[in-house]
Amino acid sequence: MNVVVLLGAPGAGKGTQAPLLATRLGIPIVATGDLFRAAVRDGTAMGQDARRYMDAGQLVPDEITVRLLLDRLGRPDAAAGVILDGFPRTGVQAAALDRELAGRDARVGAAILVDVPIDELVRRMSGRWVCRAAGHPHHETFSPPQVVGVCDLDGSELYQRADDRPATIRARMDQQLGALAEVIDHYRSSGVLRTVDGLQGIGGVAEAIGTTLDDAGIRPADALKEPSAG
Ligand SMILES: [Zn+2]
């Protein structure tokens, strides 16, 4: 079973890479947000537990999250493995996941970090400007207006919301990177951390992830089923 953890800060492009990796390996993406929503929708006991925390605006405790995750790993489509996106978020969660997987004779085979320097993350995340008239979004880098400071659609002034200003983004990012660093350290010490340069284009990052997984001996699900084929 290939359990691959995908790690990256907000804005690093992890969300773009997850489906590419899922296609490459032929295994599903498991995102904890989806697990919570599905459990709540299905009305399971764990879903009701999770819902109480979500309704109160609190984080769902690790124990419930890990149990939901293990349930998901037991489904037929996950037999060859899963890509974990958004979990673990802390060192404590990473350790809990290791313990639970060990109980099933499984382990995290690779933790892939899509690495982007914080200055670049801030640039990506803080480049959003909206217009005064209708809030039309523009982005300094990804969708710049034809005239600086002017909405392409209605000619009104562009401004930056407080949430989108570099200082705000950087403060939020510092917090998130602290938790991410714990998880990175955890997988570095267990020897499964693989870092790819997230400054390449989408295709370049996908290729680098593929290469590093080959190095780690993690093969597509089809290859696992038919080791002698082809
Ligand atoms: Zn506009």
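Visitor: Which backbone nitrogen does the side chain of Gln93 reach?
Guide: That of Arg89, at 2.6 Å. Bear in mind that this is a predicted model.

Visitor: Where does Gln93 lie?
Guide: In helix H5, which covers residues 91–102.

Visitor: Buried or exposed? I mean Gln93.
Guide: Gln93 counts as buried, because its relative accessibility is 9% and the limit for buried is under 20%.

Visitor: And what does Gln93 touch, leaving out residues up to four places away in sequence?
Guide: Asp62, Phe87 and Pro88.

Visitor: Switching to another glutamine, where is Gln48 found?
Guide: Gln48 belongs to helix H3, residues 45–55. With a relative accessible area of 48%, Gln48 is partly exposed.

Visitor: How far is Gln48 from Phe36?
Guide: Their C-alpha atoms are 9.6 Å apart, and the two residues are separated by twelve positions along the chain.

Visitor: Which parts does the pair His136 and Cys151 tie together?
Guide: His136 sits in the loop between strand E5 (128–131) and strand E6 (137–139), while Cys151 sits in the loop between E6 and strand E7 (158–159), so the pair links parts that are 15 residues apart in sequence.

Visitor: What about accessibility for His136 and Cys151?
Guide: His136 is partly exposed at 23% relative accessibility. Cys151 is buried, at 3%.

Visitor: Stepping back, how many helices and strands are in the chain?
Guide: Nine helices and eight strands.

Visitor: What does the C-alpha trace span?
Guide: About 60 × 45 × 30 Å along its principal axes.

Visitor: How much of the chain counts as buried?
Guide: 41% of its 230 residues. The accessible surface of the chain is about 12300 Å², and carbon and sulfur atoms account for 51% of that.

Visitor: What share of contacts join residues at least 24 apart?
Guide: 69%, taken among contacts between residues at least 6 apart in sequence.

Visitor: Last topic, charges. How many positive and negative side chains?
Guide: There are 25 positive and 30 negative side chains in the chain. The centres of the two sets are 3 Å apart.

Key:
Residues are numbered from 1 along each chain as its sequence is written. This is a predicted model: local features need pLDDT of at least 70, side-chain atom pairs count only at pLDDT 80 or more; totals for chains, interfaces and linings use all residues. Side-chain values use heavy atoms; hydrogens and water are left out. Helices (H or I, at least four residues) and strands (E, at least two) are DSSP runs, numbered from the N terminus. Buried means under 20% relative accessible area, exposed over 50%, partly exposed in between (1.4 Å probe, protein chains only). Contact means heavy atoms within 4.5 Å. Accessible areas come from the Shrake-Rupley method with a 1.4 Å probe; for residues, only the protein chains shown count as cover. Lys and Arg count as positive and Asp and Glu as negative; His and the chain ends are not counted. The place of a charge is taken as NZ of Lys, CZ of Arg, CG of Asp or CD of Glu. A polar contact is a pair of N or O atoms within 3.5 Å; within protein, one must be able to donate a hydrogen and the other to accept it, and residues adjacent in sequence count only if both atoms are side-chain atoms.
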